[in-house]
Amino acid sequence: MKGIGASPGFGSGRVFIKKEFNEPILKCVDDFESELDQLKWSSDLLMEKLKTLELHTTETIGAEEGEIFKAHQMMLSDPELVGKIKQLIREKKYDASYAVKVVKDEMVALFLGLDNDYMKERAADIKDVCNGLIKLLLGIEDIDYHSEEPIVIVAHDLTPSDTASIPKDKVSGFITAIGGVTSHTAIMSRTLEIPAVVGVSDISSLEDGQYVIFDGSTGEITIDPSEVLLTKHKVKVEAYEQEKILLQSLIGKESLSKDGRKVELACNIGHPDDLEYVLDNDGEGIGLFRSEFLYMNRSSMPSEEEQFTAYKTVLEQMKDKPVVIRTLDVGGDKQLSYLDFPKEENPFLGYRAIRYCLDHPELFKIQLRALLRASIYGNLKIMLPMISSLDQINRTKELLEICKQELTDKGQEYDSYELGIMIEIPAAAIISDQLAKAVDFFSIGTNDLIQYTTAVDRMNETISELYTPYHPALLRLIQTVIKNGHKAGIWVGMCGEVAGQQDMIPLLFAMGLDEFSMSPSSVLKSRALIRSMDQESANSLLEEVMQFDNAKEIKEYLQKRQA
Ligand code: PEP
Ligand code: MG
(Lines give C-alpha, C1' and ligand atoms only; values in the text may rest on other atoms or scores of the structure.)
(Ligands and ions follow the chains in the order given, each with its own letter.)
Protein backbone atom coordinates (compact mmCIF):
# COMPACT_ATOMS: atom_id res chain seq x y z
CA MET A 1 0.00 0.00 0.00
CA LYS A 2 1.36 3.43 -0.89
CA GLY A 3 0.47 7.08 -0.52
CA ILE A 4 2.27 10.39 -0.60
CA GLY A 5 5.06 10.75 1.98
CA ALA A 6 4.03 13.91 3.86
CA SER A 7 6.13 13.97 7.01
CA PRO A 8 9.44 12.08 7.20
CA GLY A 9 10.18 9.47 9.83
CA PHE A 10 9.04 5.92 10.44
CA GLY A 11 5.73 5.12 12.08
CA SER A 12 4.53 1.85 13.60
CA GLY A 13 1.61 0.88 15.79
CA ARG A 14 -1.98 -0.32 15.94
CA VAL A 15 -4.42 1.22 13.52
CA PHE A 16 -7.14 3.40 14.96
CA ILE A 17 -9.76 4.22 12.33
CA LYS A 18 -11.10 7.68 12.93
CA LYS A 19 -14.62 7.55 11.59
CA GLU A 20 -16.02 10.46 9.63
CA PHE A 21 -18.52 12.60 11.35
CA ASN A 22 -21.37 13.02 8.90
CA GLU A 23 -24.54 14.86 9.78
CA PRO A 24 -27.34 12.32 10.39
CA ILE A 25 -29.91 12.06 7.63
CA LEU A 26 -33.69 11.80 8.09
CA LYS A 27 -34.66 8.41 9.46
CA CYS A 28 -38.00 7.60 11.07
CA VAL A 29 -38.60 4.75 13.54
CA ASP A 30 -41.60 2.86 14.86
CA ASP A 31 -40.18 2.10 18.26
CA PHE A 32 -39.70 5.60 19.64
CA GLU A 33 -39.38 4.29 23.20
CA SER A 34 -36.13 2.61 22.30
CA GLU A 35 -34.87 5.88 20.73
CA LEU A 36 -35.73 7.71 23.95
CA ASP A 37 -33.78 5.07 25.91
CA GLN A 38 -30.79 5.53 23.63
CA LEU A 39 -30.99 9.28 24.04
CA LYS A 40 -31.01 8.88 27.83
CA TRP A 41 -28.10 6.46 27.74
CA SER A 42 -26.05 8.77 25.45
CA SER A 43 -26.81 11.87 27.54
CA ASP A 44 -25.69 10.10 30.72
CA LEU A 45 -22.50 8.93 29.06
CA LEU A 46 -21.77 12.36 27.60
CA MET A 47 -22.37 13.96 30.99
CA GLU A 48 -19.77 11.64 32.53
CA LYS A 49 -17.30 12.46 29.75
CA LEU A 50 -17.85 16.21 30.21
CA LYS A 51 -17.25 15.93 33.95
CA THR A 52 -13.98 14.09 33.34
CA LEU A 53 -12.97 16.65 30.71
CA GLU A 54 -13.76 19.50 33.09
CA LEU A 55 -11.54 18.00 35.78
CA HIS A 56 -8.74 17.10 33.41
CA THR A 57 -8.76 20.51 31.67
CA THR A 58 -8.87 22.41 34.96
CA GLU A 59 -5.86 20.45 36.20
CA THR A 60 -3.79 20.52 33.03
CA ILE A 61 -4.70 23.89 31.47
CA GLY A 62 -6.58 26.04 33.96
CA ALA A 63 -9.84 26.76 35.71
CA GLU A 64 -11.11 29.15 33.05
CA GLU A 65 -10.71 26.54 30.30
CA GLY A 66 -12.30 23.88 32.54
CA GLU A 67 -15.35 26.12 32.90
CA ILE A 68 -16.15 25.56 29.20
CA PHE A 69 -17.00 21.95 29.95
CA LYS A 70 -19.02 22.95 32.99
CA ALA A 71 -21.07 25.17 30.67
CA HIS A 72 -21.46 22.21 28.29
CA GLN A 73 -22.85 20.10 31.16
CA MET A 74 -25.39 22.79 31.90
CA MET A 75 -26.46 22.88 28.26
CA LEU A 76 -26.81 19.12 28.20
CA SER A 77 -29.11 19.19 31.20
CA ASP A 78 -31.14 22.13 29.87
CA PRO A 79 -34.78 20.93 29.93
CA GLU A 80 -35.61 23.02 26.87
CA LEU A 81 -32.94 21.41 24.70
CA VAL A 82 -33.67 17.88 25.88
CA GLY A 83 -37.43 18.50 25.76
CA LYS A 84 -37.31 19.58 22.13
CA ILE A 85 -35.32 16.50 21.13
CA LYS A 86 -37.72 14.17 22.94
CA GLN A 87 -40.70 15.90 21.37
CA LEU A 88 -39.34 15.29 17.86
CA ILE A 89 -38.72 11.64 18.67
CA ARG A 90 -42.22 11.17 20.09
CA GLU A 91 -44.21 13.25 17.65
CA LYS A 92 -42.30 12.98 14.39
CA LYS A 93 -40.83 9.53 15.10
CA TYR A 94 -37.38 10.77 14.14
CA ASP A 95 -34.53 8.55 15.18
CA ALA A 96 -32.61 10.07 18.09
CA SER A 97 -29.54 11.21 16.11
CA TYR A 98 -31.63 13.04 13.51
CA ALA A 99 -33.78 14.65 16.23
CA VAL A 100 -30.60 16.00 17.90
CA LYS A 101 -29.39 17.34 14.55
CA VAL A 102 -32.70 19.17 13.88
CA VAL A 103 -32.67 20.81 17.31
CA LYS A 104 -28.96 21.66 16.95
CA ASP A 105 -29.52 23.40 13.59
CA GLU A 106 -32.50 25.29 14.95
CA MET A 107 -30.71 26.54 18.05
CA VAL A 108 -27.47 27.38 16.28
CA ALA A 109 -29.39 29.46 13.72
CA LEU A 110 -31.30 31.16 16.53
CA PHE A 111 -28.14 32.06 18.48
CA LEU A 112 -26.24 33.24 15.41
CA GLY A 113 -29.15 35.47 14.47
CA LEU A 114 -29.05 37.36 17.78
CA ASP A 115 -27.38 40.72 17.91
CA ASN A 116 -25.25 39.75 20.86
CA ASP A 117 -21.67 38.50 20.58
CA TYR A 118 -21.86 36.44 23.75
CA MET A 119 -24.90 34.53 22.50
CA LYS A 120 -23.35 34.11 19.05
CA GLU A 121 -20.38 32.41 20.66
CA ARG A 122 -22.71 30.02 22.50
CA ALA A 123 -23.76 28.65 19.11
CA ALA A 124 -20.41 26.84 18.94
CA ASP A 125 -21.04 25.30 22.38
CA ILE A 126 -24.47 24.02 21.33
CA LYS A 127 -22.84 22.51 18.25
CA ASP A 128 -20.19 20.78 20.36
CA VAL A 129 -22.66 19.32 22.84
CA CYS A 130 -25.11 18.12 20.17
CA ASN A 131 -22.33 16.66 18.03
CA GLY A 132 -21.06 14.82 21.11
CA LEU A 133 -24.51 13.28 21.51
CA ILE A 134 -24.78 12.41 17.81
CA LYS A 135 -21.38 10.69 17.87
CA LEU A 136 -22.40 8.54 20.81
CA LEU A 137 -25.72 7.69 19.17
CA LEU A 138 -23.99 6.70 15.93
CA GLY A 139 -21.21 4.79 17.67
CA ILE A 140 -18.41 7.09 16.49
CA GLU A 141 -15.68 6.63 19.05
CA ASP A 142 -13.26 9.28 20.20
CA ILE A 143 -9.63 8.32 19.87
CA ASP A 144 -8.42 6.40 22.89
CA TYR A 145 -5.18 8.06 23.89
CA HIS A 146 -4.89 5.92 27.00
CA SER A 147 -3.75 2.78 25.20
CA GLU A 148 -0.31 1.51 26.18
CA GLU A 149 0.83 0.97 22.62
CA PRO A 150 1.31 3.91 20.24
CA ILE A 151 -1.48 4.25 17.70
CA VAL A 152 -1.51 5.11 14.02
CA ILE A 153 -4.48 7.30 13.22
CA VAL A 154 -6.14 6.37 9.96
CA ALA A 155 -8.74 8.78 8.64
CA HIS A 156 -10.36 9.91 5.45
CA ASP A 157 -9.08 13.37 6.34
CA LEU A 158 -7.83 15.20 9.41
CA THR A 159 -8.48 18.87 9.87
CA PRO A 160 -5.74 21.14 11.19
CA SER A 161 -7.68 21.41 14.44
CA ASP A 162 -7.85 17.60 14.75
CA THR A 163 -4.09 17.51 14.32
CA ALA A 164 -3.50 20.31 16.81
CA SER A 165 -5.33 18.40 19.53
CA ILE A 166 -3.39 15.14 19.15
CA PRO A 167 -0.95 14.26 21.97
CA LYS A 168 2.35 13.57 20.24
CA ASP A 169 3.57 10.95 22.70
CA LYS A 170 0.56 8.69 22.10
CA VAL A 171 0.49 8.82 18.33
CA SER A 172 3.08 7.19 16.10
CA GLY A 173 1.74 8.67 12.87
CA PHE A 174 -1.12 9.52 10.56
CA ILE A 175 -2.38 7.92 7.40
CA THR A 176 -5.10 9.76 5.47
CA ALA A 177 -7.00 9.14 2.27
CA ILE A 178 -6.94 12.70 1.07
CA GLY A 179 -4.60 15.67 1.24
CA GLY A 180 -1.32 16.72 -0.29
CA VAL A 181 2.13 17.56 1.08
CA THR A 182 1.15 21.16 1.70
CA SER A 183 -2.22 20.55 3.33
CA HIS A 184 -2.05 22.10 6.79
CA THR A 185 -2.36 18.74 8.48
CA ALA A 186 0.79 17.57 6.67
CA ILE A 187 2.61 20.81 7.54
CA MET A 188 1.68 20.47 11.20
CA SER A 189 2.80 16.87 11.39
CA ARG A 190 6.22 17.92 10.08
CA THR A 191 6.47 20.59 12.79
CA LEU A 192 5.47 18.07 15.44
CA GLU A 193 7.85 15.51 13.89
CA ILE A 194 5.02 13.00 13.55
CA PRO A 195 5.46 10.78 10.46
CA ALA A 196 2.55 10.95 8.02
CA VAL A 197 1.36 9.52 4.73
CA VAL A 198 -1.50 11.21 2.88
CA GLY A 199 -3.43 10.54 -0.32
CA VAL A 200 -3.76 6.75 0.25
CA SER A 201 -6.45 5.70 -2.22
CA ASP A 202 -7.05 2.16 -0.87
CA ILE A 203 -7.24 3.24 2.77
CA SER A 204 -10.41 1.19 3.28
CA SER A 205 -8.32 -1.99 3.40
CA LEU A 206 -6.91 -0.87 6.76
CA GLU A 207 -8.77 -2.17 9.80
CA ASP A 208 -8.95 -1.19 13.44
CA GLY A 209 -6.28 -2.91 15.54
CA GLN A 210 -4.07 -4.05 12.65
CA TYR A 211 -0.35 -3.55 13.16
CA VAL A 212 1.23 -1.33 10.51
CA ILE A 213 4.63 0.10 9.75
CA PHE A 214 5.15 2.99 7.35
CA ASP A 215 7.71 5.36 5.91
CA GLY A 216 6.69 9.03 6.03
CA SER A 217 9.14 9.94 3.25
CA THR A 218 8.33 7.36 0.59
CA GLY A 219 4.68 6.86 1.58
CA GLU A 220 5.16 3.05 1.78
CA ILE A 221 2.76 1.27 4.20
CA THR A 222 2.93 -2.39 5.26
CA ILE A 223 0.13 -4.18 7.13
CA ASP A 224 1.10 -6.98 9.54
CA PRO A 225 4.76 -6.98 8.44
CA SER A 226 6.80 -10.19 8.48
CA GLU A 227 9.74 -10.57 10.89
CA VAL A 228 12.13 -9.80 8.02
CA LEU A 229 10.35 -6.54 7.17
CA LEU A 230 10.14 -5.57 10.83
CA THR A 231 13.88 -6.00 11.19
CA LYS A 232 14.51 -3.93 8.06
CA HIS A 233 12.18 -1.27 9.45
CA LYS A 234 14.10 -1.17 12.73
CA VAL A 235 17.40 -0.76 10.87
CA LYS A 236 15.94 2.20 8.95
CA VAL A 237 14.60 3.79 12.15
CA GLU A 238 18.04 3.48 13.74
CA ALA A 239 19.79 4.99 10.70
CA TYR A 240 17.28 7.85 10.69
CA GLU A 241 17.89 8.54 14.38
CA GLN A 242 21.64 8.27 13.83
CA GLU A 243 21.52 10.88 11.08
CA LYS A 244 19.64 13.21 13.40
CA ILE A 245 22.32 12.76 16.06
CA LEU A 246 25.10 13.50 13.55
CA LEU A 247 23.39 16.72 12.50
CA GLN A 248 23.45 17.90 16.11
CA SER A 249 27.11 18.84 15.57
CA LEU A 250 25.86 21.76 13.46
CA ILE A 251 24.06 23.35 16.39
CA GLY A 252 25.56 26.76 17.08
CA LYS A 253 27.29 26.91 13.69
CA GLU A 254 26.48 29.58 11.13
CA SER A 255 24.47 28.98 7.97
CA LEU A 256 27.30 30.19 5.83
CA SER A 257 28.23 29.05 2.33
CA LYS A 258 31.80 28.01 1.47
CA ASP A 259 32.41 31.44 -0.05
CA GLY A 260 31.03 33.27 2.95
CA ARG A 261 27.44 34.19 2.10
CA LYS A 262 25.23 33.99 5.16
CA VAL A 263 21.55 33.15 4.95
CA GLU A 264 18.94 32.87 7.67
CA LEU A 265 17.41 29.45 8.37
CA ALA A 266 14.21 30.19 10.24
CA CYS A 267 11.26 28.03 11.32
CA ASN A 268 7.53 27.85 10.73
CA ILE A 269 5.37 27.41 13.82
CA GLY A 270 1.67 27.34 14.62
CA HIS A 271 1.75 27.75 18.38
CA PRO A 272 4.11 29.00 21.12
CA ASP A 273 4.47 25.34 22.21
CA ASP A 274 6.27 24.62 18.91
CA LEU A 275 9.18 26.79 20.10
CA GLU A 276 10.57 23.69 21.77
CA TYR A 277 11.30 22.22 18.32
CA VAL A 278 12.75 25.51 17.07
CA LEU A 279 15.19 25.78 19.98
CA ASP A 280 16.13 22.08 19.80
CA ASN A 281 16.98 22.45 16.12
CA ASP A 282 18.76 25.80 16.48
CA GLY A 283 16.34 27.76 14.29
CA GLU A 284 17.71 31.24 13.61
CA GLY A 285 14.35 32.95 13.82
CA ILE A 286 10.66 32.43 13.22
CA GLY A 287 9.92 32.98 9.54
CA LEU A 288 6.23 32.22 9.90
CA PHE A 289 4.05 32.03 12.97
CA ARG A 290 0.66 30.94 11.61
CA SER A 291 -1.38 32.91 14.13
CA GLU A 292 -4.65 31.33 13.02
CA PHE A 293 -3.78 28.21 15.03
CA LEU A 294 -4.28 30.29 18.18
CA TYR A 295 -7.86 30.72 17.04
CA MET A 296 -8.54 26.99 16.63
CA ASN A 297 -9.93 24.35 18.99
CA ARG A 298 -11.95 26.80 20.98
CA SER A 299 -15.44 28.16 20.95
CA SER A 300 -14.65 31.87 20.76
CA MET A 301 -12.02 34.29 19.47
CA PRO A 302 -8.86 34.65 21.57
CA SER A 303 -8.94 38.01 23.36
CA GLU A 304 -6.38 40.78 22.79
CA GLU A 305 -4.78 39.81 26.09
CA GLU A 306 -4.48 36.11 25.16
CA GLN A 307 -2.97 36.97 21.80
CA PHE A 308 -0.60 39.50 23.34
CA THR A 309 0.64 36.85 25.80
CA ALA A 310 1.22 34.31 23.02
CA TYR A 311 3.12 36.79 20.80
CA LYS A 312 5.13 38.11 23.75
CA THR A 313 6.11 34.55 24.74
CA VAL A 314 7.43 33.80 21.26
CA LEU A 315 9.30 37.13 20.98
CA GLU A 316 10.88 36.80 24.41
CA GLN A 317 11.95 33.21 23.91
CA MET A 318 13.52 34.01 20.58
CA LYS A 319 15.47 36.82 22.27
CA ASP A 320 16.53 39.30 19.56
CA LYS A 321 16.12 36.88 16.70
CA PRO A 322 13.60 37.87 14.03
CA VAL A 323 10.02 36.70 14.55
CA VAL A 324 7.59 36.98 11.66
CA ILE A 325 4.01 36.77 12.90
CA ARG A 326 1.42 36.42 10.19
CA THR A 327 -1.99 37.96 10.76
CA LEU A 328 -5.04 35.72 10.72
CA ASP A 329 -5.07 33.53 7.61
CA VAL A 330 -8.42 31.90 8.08
CA GLY A 331 -10.41 30.21 5.31
CA GLY A 332 -9.40 27.53 2.81
CA ASP A 333 -8.77 24.38 4.88
CA LYS A 334 -8.56 26.43 8.10
CA GLN A 335 -12.10 26.99 9.35
CA LEU A 336 -13.20 28.46 12.65
CA SER A 337 -16.57 27.20 13.88
CA TYR A 338 -17.43 30.40 15.75
CA LEU A 339 -16.86 32.80 12.84
CA ASP A 340 -19.76 33.40 10.60
CA PHE A 341 -18.31 32.12 7.32
CA PRO A 342 -20.49 31.63 4.25
CA LYS A 343 -20.46 28.18 2.65
CA GLU A 344 -18.35 28.57 -0.47
CA GLU A 345 -17.95 26.55 -3.66
CA ASN A 346 -14.22 27.36 -3.80
CA PRO A 347 -12.99 28.26 -0.31
CA PHE A 348 -9.36 28.57 -1.46
CA LEU A 349 -10.46 31.27 -3.91
CA GLY A 350 -12.88 32.79 -1.48
CA TYR A 351 -13.40 34.85 1.57
CA ARG A 352 -10.18 34.35 3.46
CA ALA A 353 -7.20 35.90 5.21
CA ILE A 354 -6.69 39.62 4.58
CA ARG A 355 -9.96 39.77 2.63
CA TYR A 356 -11.90 38.66 5.68
CA CYS A 357 -9.85 40.76 8.12
CA LEU A 358 -10.21 44.02 6.20
CA ASP A 359 -13.93 43.37 6.03
CA HIS A 360 -14.04 42.94 9.83
CA PRO A 361 -11.84 45.78 11.07
CA GLU A 362 -13.02 45.46 14.69
CA LEU A 363 -11.89 41.83 14.78
CA PHE A 364 -8.66 42.59 12.88
CA LYS A 365 -7.79 45.47 15.20
CA ILE A 366 -7.81 43.14 18.22
CA GLN A 367 -4.96 41.21 16.62
CA LEU A 368 -3.11 44.32 15.43
CA ARG A 369 -3.22 45.88 18.91
CA ALA A 370 -1.95 42.63 20.47
CA LEU A 371 0.92 42.58 17.96
CA LEU A 372 1.82 46.23 18.49
CA ARG A 373 1.90 45.77 22.25
CA ALA A 374 4.09 42.68 21.88
CA SER A 375 6.57 44.60 19.68
CA ILE A 376 8.34 45.82 22.83
CA TYR A 377 9.51 42.29 23.65
CA GLY A 378 11.66 41.38 20.66
CA ASN A 379 12.35 41.69 16.96
CA LEU A 380 8.83 41.68 15.54
CA LYS A 381 7.88 41.53 11.89
CA ILE A 382 4.19 41.62 11.06
CA MET A 383 3.22 39.78 7.88
CA LEU A 384 -0.02 40.02 5.90
CA PRO A 385 -1.32 36.90 4.10
CA MET A 386 -2.98 36.64 0.67
CA ILE A 387 -2.12 40.14 -0.46
CA SER A 388 -3.03 40.81 -4.08
CA SER A 389 -3.06 44.61 -4.24
CA LEU A 390 -1.39 47.70 -2.89
CA ASP A 391 -4.70 48.91 -1.57
CA GLN A 392 -4.85 46.02 0.93
CA ILE A 393 -1.45 47.04 2.33
CA ASN A 394 -2.48 50.68 2.60
CA ARG A 395 -5.74 49.85 4.34
CA THR A 396 -3.89 47.70 6.87
CA LYS A 397 -1.42 50.51 7.48
CA GLU A 398 -4.34 52.85 8.20
CA LEU A 399 -5.74 50.35 10.70
CA LEU A 400 -2.32 50.04 12.33
CA GLU A 401 -2.21 53.83 12.77
CA ILE A 402 -5.67 53.80 14.35
CA CYS A 403 -4.55 51.00 16.71
CA LYS A 404 -1.44 52.95 17.71
CA GLN A 405 -3.60 55.94 18.57
CA GLU A 406 -5.95 53.73 20.61
CA LEU A 407 -3.00 52.30 22.54
CA THR A 408 -1.52 55.75 23.15
CA ASP A 409 -4.87 57.00 24.41
CA LYS A 410 -4.90 54.15 26.92
CA GLY A 411 -1.29 54.79 27.93
CA GLN A 412 -0.09 51.48 26.44
CA GLU A 413 3.27 51.22 24.75
CA TYR A 414 4.47 49.81 21.46
CA ASP A 415 7.80 49.77 19.67
CA SER A 416 9.06 49.65 16.10
CA TYR A 417 8.43 46.63 13.86
CA GLU A 418 8.71 45.69 10.21
CA LEU A 419 5.66 45.23 8.01
CA GLY A 420 5.84 42.65 5.23
CA ILE A 421 3.61 40.59 3.00
CA MET A 422 3.32 37.06 1.77
CA ILE A 423 3.79 36.67 -1.94
CA GLU A 424 1.50 33.73 -2.57
CA ILE A 425 -0.83 35.01 -5.26
CA PRO A 426 0.57 35.31 -8.81
CA ALA A 427 -0.87 38.84 -9.10
CA ALA A 428 1.30 39.93 -6.17
CA ALA A 429 4.38 38.29 -7.69
CA ILE A 430 3.77 40.06 -10.99
CA ILE A 431 3.42 43.49 -9.38
CA SER A 432 6.09 42.81 -6.75
CA ASP A 433 8.12 45.78 -8.05
CA GLN A 434 5.24 48.04 -7.02
CA LEU A 435 4.46 46.26 -3.73
CA ALA A 436 8.11 46.22 -2.66
CA LYS A 437 8.04 50.00 -2.28
CA ALA A 438 5.28 49.77 0.32
CA VAL A 439 6.71 47.13 2.68
CA ASP A 440 9.85 46.10 4.58
CA PHE A 441 10.02 42.49 3.37
CA PHE A 442 8.49 39.77 1.25
CA SER A 443 8.02 36.13 2.19
CA ILE A 444 7.20 33.84 -0.69
CA GLY A 445 4.41 31.39 0.13
CA THR A 446 5.02 28.62 -2.35
CA ASN A 447 2.26 26.40 -0.94
CA ASP A 448 -0.36 28.74 -2.31
CA LEU A 449 1.75 30.25 -5.07
CA ILE A 450 2.05 26.82 -6.71
CA GLN A 451 -1.67 26.14 -6.47
CA TYR A 452 -2.69 29.52 -7.84
CA THR A 453 -0.03 29.62 -10.57
CA THR A 454 -0.69 26.14 -11.89
CA ALA A 455 -4.42 26.01 -11.02
CA VAL A 456 -3.89 22.81 -9.02
CA ASP A 457 -5.68 22.43 -5.67
CA ARG A 458 -3.01 21.82 -3.01
CA MET A 459 -5.40 19.47 -1.15
CA ASN A 460 -6.35 17.27 -4.08
CA GLU A 461 -4.39 14.00 -4.11
CA THR A 462 -5.78 13.01 -7.53
CA ILE A 463 -3.81 15.74 -9.26
CA SER A 464 -0.89 15.79 -6.82
CA GLU A 465 1.51 15.00 -9.69
CA LEU A 466 0.65 18.39 -11.19
CA TYR A 467 1.24 20.22 -7.92
CA THR A 468 4.92 20.80 -8.42
CA PRO A 469 7.53 23.35 -7.39
CA TYR A 470 9.58 22.43 -10.46
CA HIS A 471 7.27 24.19 -12.91
CA PRO A 472 9.33 26.73 -14.89
CA ALA A 473 6.55 29.30 -14.33
CA LEU A 474 7.01 29.04 -10.57
CA LEU A 475 10.79 29.32 -10.81
CA ARG A 476 10.47 32.43 -12.97
CA LEU A 477 7.99 34.00 -10.56
CA ILE A 478 10.25 33.34 -7.58
CA GLN A 479 13.21 34.83 -9.41
CA THR A 480 11.18 37.93 -10.33
CA VAL A 481 10.01 38.45 -6.75
CA ILE A 482 13.54 38.18 -5.33
CA LYS A 483 14.93 40.57 -7.96
CA ASN A 484 12.15 43.11 -7.41
CA GLY A 485 12.51 42.93 -3.65
CA HIS A 486 16.26 43.47 -3.81
CA LYS A 487 15.91 46.30 -6.31
CA ALA A 488 13.73 48.11 -3.77
CA GLY A 489 16.22 47.36 -1.00
CA ILE A 490 14.08 44.94 1.03
CA TRP A 491 14.88 41.41 2.16
CA VAL A 492 13.11 38.43 0.64
CA GLY A 493 12.35 35.19 2.44
CA MET A 494 10.32 32.11 1.72
CA CYS A 495 8.03 30.34 4.17
CA GLY A 496 6.32 27.89 1.81
CA GLU A 497 7.42 24.26 2.09
CA VAL A 498 9.80 24.62 -0.87
CA ALA A 499 12.17 26.61 1.36
CA GLY A 500 13.09 23.44 3.23
CA GLN A 501 13.25 21.19 0.18
CA GLN A 502 16.81 19.99 -0.17
CA ASP A 503 16.90 19.78 -3.97
CA MET A 504 15.45 23.30 -4.33
CA ILE A 505 17.68 25.08 -1.81
CA PRO A 506 20.66 25.49 -4.21
CA LEU A 507 18.38 27.17 -6.78
CA LEU A 508 16.89 29.53 -4.20
CA PHE A 509 20.37 30.30 -2.89
CA ALA A 510 21.52 31.15 -6.42
CA MET A 511 18.51 33.43 -6.89
CA GLY A 512 19.62 35.35 -3.80
CA LEU A 513 16.93 34.33 -1.28
CA ASP A 514 17.84 35.87 2.09
CA GLU A 515 15.76 33.82 4.50
CA PHE A 516 14.56 30.21 4.29
CA SER A 517 11.77 29.32 6.72
CA MET A 518 10.91 25.65 7.20
CA SER A 519 9.80 22.94 9.61
CA PRO A 520 12.21 22.94 12.56
CA SER A 521 13.30 19.37 11.73
CA SER A 522 14.70 20.55 8.36
CA VAL A 523 16.98 23.30 9.74
CA LEU A 524 20.12 21.31 10.49
CA LYS A 525 20.19 19.32 7.27
CA SER A 526 19.63 22.57 5.33
CA ARG A 527 22.51 24.15 7.24
CA ALA A 528 24.75 21.23 6.25
CA LEU A 529 23.73 21.81 2.63
CA ILE A 530 24.30 25.58 2.69
CA ARG A 531 27.74 25.05 4.20
CA SER A 532 28.63 22.78 1.27
CA MET A 533 27.62 25.32 -1.40
CA ASP A 534 29.16 28.32 -3.12
CA GLN A 535 27.57 31.07 -5.20
CA GLU A 536 29.38 30.32 -8.45
CA SER A 537 28.39 26.67 -8.71
CA ALA A 538 24.84 27.45 -7.53
CA ASN A 539 24.59 30.10 -10.27
CA SER A 540 25.66 27.69 -12.98
CA LEU A 541 23.13 25.14 -11.72
CA LEU A 542 20.40 27.78 -11.88
CA GLU A 543 21.43 28.78 -15.39
CA GLU A 544 21.24 25.17 -16.53
CA VAL A 545 17.87 24.52 -14.87
CA MET A 546 16.31 27.63 -16.34
CA GLN A 547 17.03 26.22 -19.82
CA PHE A 548 14.69 23.27 -19.28
CA ASP A 549 11.20 23.81 -20.51
CA ASN A 550 9.16 21.49 -18.30
CA ALA A 551 8.76 20.47 -14.68
CA LYS A 552 9.50 16.79 -15.28
CA GLU A 553 12.97 17.46 -16.68
CA ILE A 554 13.78 19.91 -13.92
CA LYS A 555 12.65 17.50 -11.22
CA GLU A 556 14.62 14.57 -12.66
CA TYR A 557 17.70 16.70 -13.13
CA LEU A 558 17.67 18.10 -9.59
CA GLN A 559 16.90 14.78 -7.96
CA LYS A 560 19.57 12.91 -9.89
CA ARG A 561 22.07 15.57 -8.88
CA GLN A 562 21.08 15.24 -5.25
CA ALA A 563 21.22 11.45 -5.16
C1 PEP B 1 2.05 29.33 1.77
O2 PEP B 1 0.98 29.49 1.16
O3 PEP B 1 3.10 28.99 1.21
C4 PEP B 1 2.11 29.52 3.22
C5 PEP B 1 3.25 29.47 3.87
O6 PEP B 1 0.95 29.72 3.89
P7 PEP B 1 -0.09 28.55 4.26
O8 PEP B 1 0.58 27.24 3.99
O9 PEP B 1 -0.45 28.73 5.67
O10 PEP B 1 -1.22 28.82 3.31
MG1 MG C 1 -0.72 30.47 2.10
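This is a predicted model: local features need pLDDT of at least 70, side-chain atom pairs count only at pLDDT 80 or more; totals for chains, interfaces and linings use all residues.
How many aromatic pairs does the count come to by the rule that rings of Phe, Tyr and Trp (its six-membered ring) pair if their centres lie within 6.5 Å? Residues are numbered from 1 along each chain as its sequence is written, chains are lettered from A and ligands numbered from 1 in the order in which they are written, and side-chain values use heavy atoms, with hydrogens and water left out.

**View 1. The aromatic pair of F10 and Y240.** The ring centres of F10 and Y240 are 5.8 Å apart and the planes stand at 85 degrees, so the pair is edge-to-face (planes under 30 degrees apart count as stacked, over 60 as edge-to-face and the rest as tilted). F10 belongs to strand β2 (residues 10–18) and Y240 to helix α8 (residues 227–247), so that the pair links parts of the chain 230 residues apart; helices (H or I, at least four residues) and strands (E, at least two) are DSSP runs, numbered from the N terminus. Y240, at 25% relative accessibility, counts as partly exposed, where buried means under 20% relative accessible area, exposed over 50% and partly exposed in between (1.4 Å probe, protein chains only).

**View 2. The aromatic pair of F548 and Y557.** These two rings form a tilted pair, with 5.2 Å from centre to centre and 55 degrees between the planes. F548 is partly exposed, with a relative accessible area of 24%, and Y557 is also partly exposed, at 25%.

**View 3. Arginines over the rings of F509 and F308.** The charged end of R261 sits over the ring of F509, 4.0 Å from its centre, and R373 lies over the face of F308, at 4.2 Å from the ring centre. A charge sits over a ring if NZ of Lys or CZ of Arg is within 6 Å of the ring centre and within 35 degrees of the ring normal.

**View 4. Helix α12 (residues 361–374) and its surroundings.** From its first C-alpha to its last, this helix of 14 residues reaches 20 Å, close to the 20 Å expected at 1.5 Å a residue (the expected span is 1.5 Å times one less than the number of residues). Because 11 of its 14 residues are buried, α12 is largely enclosed by the rest of the structure. The buried residues of α12 include L363, F364 and R373, and what covers them includes α10 (304–317), β10 (322–326) and α13 (390–409).

View 5. A backbone N or O atom of N447 lies 2.8 Å from an oxygen atom of the ligand, and an N or O atom in the side chain of R458 is 2.8 Å from an oxygen atom of the ligand.

**View 6. The loop residue K319.** K319 lies in the loop between α10 and β10, has a positive phi near 55 degrees, and is exposed, with a relative accessible area of 62%.

Terms used
Contact means heavy atoms within 4.5 Å. A polar contact is a pair of N or O atoms within 3.5 Å; within protein, one must be able to donate a hydrogen and the other to accept it, and residues adjacent in sequence count only if both atoms are side-chain atoms.
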